[in-house]
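Dear colleague,

Please find the structure below, with its sequence. A summary of the findings follows it.

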Amino acid sequence: MSKPTARNGAPQRRPGEEDDICPVCKSNRYLNPSMRFLINPECYHKMCESCVDRIFSQGPAPCPVAGCARTLRKQRFRKQTFEDLQIEREVDVRRRVAATFNRRESEFNTLLDYNNYLEEVETLTFNLLYNIDVATTEAKLAAYSKQNAADIANNKALSAQESASTEAQLAAQKEQARLRREAATNEEEEERREREEGRREIIDKIANSTEDPDKIAREGQKVVLKKSTARRNAADRLRAQDAASVDNASAPLFQIAGLKPITQPEPDKAYDPFGGYIIRPAYFTLQEQYEHPWLEKAKMDAQITAGGYDVGEYRARAMMEAFAGLGCFIEDEVAGRERAAGADVGTAAAAVAGGDGEGMGDDML
């Protein structure tokens with residue numbers, strides 16, 4: 001594909017191409033279209049591949065960009081992934097922090113502790129991204145990595161195992177899809193072949209028989225249809241068996257650790273307008289129907305029943321309020337209070353008598 005040319009015959013520049021200039025040798029992609037730019041995660045300064053080979057082939061060397069004195073190594077140079085270098089740097093920083101802080105929610109006692117941990121990790125990441133207390137943040141990263149090396153390695157291995165399980169599951173699904181496509185193709189080919197054979201058989205019977213051709217054709221179509229139906233049913237049974245065997249074989253491949261058991265909520269109890277209050281003994285029996293003009297009108301009035309008002313609840317509440325007082329026996333309550341008061345007086349008198357006796361004994365001594 002040829003590059004677009006200007007009126008004078010020179011290659012025409014693309015938008016933004018003038019920015020593709022190496023800061024070291026000042027070469028640009030306009031004069032050298034095959035030039036490649038590389039970056040180093042130490043400082044993220046972009047330079048051409050020729051400068052990298054020329055400066056860093058003999059070993060580590062300072063960054064040639066003015067104002068940067070970081071020591072760079074050739075093996076760390078790589079091709080830029082994102083057009084914006086800030087995004088490139090942020091992705092690298094987050095990947096490095098995530099490799100160290102790889103705790104899981106199942107390792108924490110509560111969700112609040114896990115959220116606090118995530119907030120702390122995000123704070124450290126923010127400090128590295130915007131150069132805030134970089135030395136302190138790097139020291140925290142190094143200390144945490146040293147103190148929790150075993151846990152970090154275990155979580156890393158667990159993540160790798162889950163990734164492998166996911167890839168194996170995806171591969172099994174792709175293989176099943178491929179087998180299904182092949183089975184569908186073979187089924188279509190088999191059905192086409194059966195139709196062709198059935199057509200030839202019908203033609204041969206018509207040619208060699210004196211019977212009605214329409215009758216022979218109808219019987220032949222019935223035979224072909226019966227064979228096709230039997231073959232489809234057998235193929236469906238085989239596919240179901242294969243899918244079941246594959247699912248059973250691949251079930252242990254996809255396992256997620258750390259998931260908490262899900263408890264099913266209890267079914268809602270029946271609504272009780274009285275909140276469980278029961279009058280014992282029951283002094284009335286609630287009937288299904290009461291002869292009253294207002295009740296009959298209320299059941300048919302849309303303004304009353306539209307909001308969910310139940311006339312039956314009104315009847316039950318009215319009857320409870322009418323007969324609730326029958327469960328209060330004033331005489332029994334008064335007698336109980338008198339007995340309680342008499343017992344308190346007797347206890348107080350005995351206590352006073354005991355105190356006087358002790359005082360008399362002390363006087364006699």
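Which of the 16 residues in the largest nonpolar core touch the most other members? They are Cys22, Met47, Val52, Phe56, Cys63, Leu72 and Phe77. Such a core is a set of buried Ala, Val, Leu, Ile, Met, Phe, Trp, Tyr and Cys residues joined through side-chain atoms within 4.5 Å. At least two core residues come from each of β1 (37-39), β2 (47-48) and α1 (49-56), and α1 contributes the most, with 3 residues. Helices (H or I, at least four residues) and strands (E, at least two) are DSSP runs, numbered from the N terminus.

This is a predicted model, in which local features need pLDDT of at least 70 and side-chain atom pairs pLDDT 80 or more, while totals for chains, interfaces and linings use all residues. Residues are numbered from 1 along each chain as its sequence is written, and side-chain values use heavy atoms, without hydrogens and water.

Lys46 sits in the loop between β1 and β2. Its relative accessibility is 23%, so Lys46 counts as partly exposed; buried means under 20% relative accessible area, exposed over 50%, and partly exposed in between (1.4 Å probe, protein chains only). The C-alpha atoms of Lys46 and Asp20 are 9.4 Å apart, although 26 residues separate the two along the chain.

Two further residues may be noted. Phe126 belongs to helix α3 (residues 111-129) and is partly exposed, with a relative accessible area of 42%. Lys215 lies in helix α6 (residues 213-250) and, at 40% relative accessibility, is also partly exposed.

Yours sincerely
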